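Here are my notes on this model. Please read them with the structure open.

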Amino acid sequence: MNVTVLLFASYADALGARSLDLDVRDGATVAELLDGISARAGTGRLPPSPLVAVNQRYAKPDQALARGDEVAILPPVAGG
Amino acid sequence: MRAALRHEPLRPAALLEEVSSVSAGATVLFVGTVRDVNEGRAVTGIEYSAYEAMALAEMARITEEARSHFGVERLVLEHRVGTLALGDASVVIAVAHAHRAPALDAARYVIEELKRRVPVWKREHYADGTREWVDPANAAEPAGHVP
C-alpha cells in the first residue's frame, strides 16, 4: 500500500520536502515504515527513531498501519 | 475548555476576562513570551510552525486532562504560529478554579505537557543573521516539574 508521510520543521528542511510517498506492505508497522524511509536517498539526516504520529496521535513502533492513515514523522517538539 | 492556534497576536487580557467568573476564587494567567537571549546567543525573533491538526488535537486532550485531574471551571489555551518579535506572546493559558492550589497546578500541568507533547517547532533568529531550529534536548534549562 502507498503511504504519504508528512514532514515538518527541521525534517522538512533536511529532506527538502513536506512529504514522502512510500510503498509498504499492507499492515506494515511503524518500525517497517521507518526502515523504508531510512533506505531512501537523503534521509540519512533523520535520527534512527524519530517520533511518529498516526492519525494525529503518537504511535509506537509496533503499531500496524492501515490504508488511508495520516502518518507524520516529528522532530523533537519545541512549543511554548 | 478551549484550545486554539493563532496566526495573529495573542491577547492575554482578553483570555483572562474570558475565564473569569464569580464562582472562580482563583484565576491564573500564564504568558510565554519571546526572550532576547537563549543558550547565551542574542535572539532577535522566533518563527513558530506546527503540525496544526495534531497540535490542536493534542492541545484539546491536554485541556481535557487538566479539567478532569484538577476540576478547573474554565481553561483556555492558545498558541501562536508565525514569526514573532521579542516580547511577543507565544503561548497563553488562562485557568479559573474555585481555589488557588488546583488553579496554579492546572496551569503548570498545561504548559509542561504542551512543551512535552504538542507538535510545534521554533526556529530562532539570531543577531548574527543565522537561524536554527531549537531542539529542547540540547537546552541547559531542565524540563519543568509536572504536578
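1. Which ring does the charged end of B:Arg41 sit over? The ring is that of B:Tyr126, and the charged end lies 3.7 Å from its centre. Keep in mind that this is a predicted model.

2. Next, the aromatic pairs. Over all chains, the structure holds three. One of them is A:Phe8 with B:Tyr51: the ring centres are 4.6 Å apart and the planes meet at 25°, so the pair is stacked. This pair crosses between chains. A:Phe8 is in the loop between strand E1 (2-7) and helix H1 (9-15) of chain A. B:Tyr51 is in the loop between strand E4 (41-50) and helix H2 (52-70) of chain B. Both A:Phe8 and B:Tyr51 are buried.

3. A:Phe8 also forms a stacked pair with B:Trp121, at 5.3 Å centre to centre and 15° between the planes. B:Trp121 belongs to strand E8 (residues 120-126) of chain B, while A:Phe8 lies in the loop between E1 and H1 of chain A, so this pair too joins two chains.

4. Now burial. A:Phe8 has a relative accessible area of 12% and is buried. B:Trp121 is at 2% and counts as buried. Ring pairs link A:Phe8, B:Tyr51 and B:Trp121 into a cluster.

5. Last, the sheet in chain A. Five strands form an open sheet in the order E2-E1-E5-E3-E4, with mixed pairing. Strand E2 (19-23) and strand E4 (57-58) are the edges, each pairing on one side only. Strand E3 (residues 51-54) and strand E5 (residues 71-74) of chain A run antiparallel, paired over four bridges. Here A:Leu51 stands opposite A:Leu74 in E5(A).

Notes:
Residues numbered from 1 in each chain as written. Chains lettered and ligands numbered in written order. Predicted model: local features only at pLDDT ≥ 70, side-chain atom pairs only at ≥ 80, totals over all residues. Heavy atoms only, no water. Pairing = 2+ DSSP bridges. Phe/Tyr/Trp six-rings, centres within 6.5 Å; stacked < 30°, edge-to-face > 60°. Buried < 20%, exposed > 50% of the residue type's maximum accessible area, 1.4 Å probe, protein only. Lys NZ or Arg CZ within 6 Å of the ring centre and 35° of its normal.
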